[in-house]
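Take a look at the sequence and the structure below.

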Amino acid sequence: MKKILLFAVLTMAVTATSCKKDDDNKNTNKITFNGQEYAVKQAWQVDLGLDLFSLDFETTSGEIFEFSIYCMTGSTRIAPGTYNYTSGIASAPCITRGGLYSSLDDVPPSASMTSGNIKVDISGDTYTVTINGSFDTNKAISGSYTGKIELLAD
């Protein structure tokens with residue numbers, strides 16, 4: 001009888017600790033800006049010509065984080081690599097501009113990048129993007145995105 005009871009208790013313990021499927025599905029597509037976390041809803045890229053691309057992340061609350069990336073690869077898509085921010089004359093690979101917009105309208109950004117980098121890895125059609133840096137007035141930005149990044153026409 002003790003063996004049956006012990007088996008039942010062990011079975012319940014194993015079952016209770018293995019029912020954490022919800023933890024496996026957490027959204028890791030997030031950007032933290034100035035201490036506030038934003039969930040990323042979607043991402044896209046735009047080929048602006050002359051090896052310049054716009055890499056955009058839209059949050060679930062409507063903000064747009066946009067980065068201009070200079071690749072110099074001759075490709076129609078952002079190439080894998082680490083892109084460092086530069087405020088001077090661009091030499092590839094680099095980020096020439098980064099901004100936070102509160103809508104899709106063509107308005108000046110409410111914050112502008114001043115330092116940092118973006119790392120892009122590509123496996124098939126899945127991008128992994130890691131962002132680290134700061135914006136004006138020392139507002140930190142960090143984040144990551146893994147998923148498809150659609151190419152939109154300019």
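E58 counts as buried because its relative accessibility is 14%; buried means under 20% relative accessible area, exposed over 50%, partly exposed in between (1.4 Å probe, protein chains only). E58 sits in strand 3; strands (E, at least two residues) are DSSP runs, numbered from the N terminus. The side chain of E58 makes a polar contact with the side chain of Q42, at 2.5 Å. Such a contact is a pair of N or O atoms within 3.5 Å; within protein, one must be able to donate a hydrogen and the other to accept it, and residues adjacent in sequence count only if both atoms are side-chain atoms.

This is a predicted model: local features need pLDDT of at least 70, side-chain atom pairs count only at pLDDT 80 or more, and totals for chains, interfaces and linings use all residues. Residues are numbered from 1 along each chain as its sequence is written, and side-chain values use heavy atoms, with hydrogens and water left out.

Which cysteines are bonded? A disulfide is a pair of cysteine sulfur atoms within 2.5 Å, and the count comes to 0. The sulfur of C71 is 9.0 Å from the closest cysteine sulfur, in C94, so the gap is too far for a bond. C71 is buried at 6% relative accessible area, and C94 is buried at 3%.

Definitions and conventions: Helix = DSSP H or I, 4+ residues; strand = E, 2+ residues; numbered from the N terminus.
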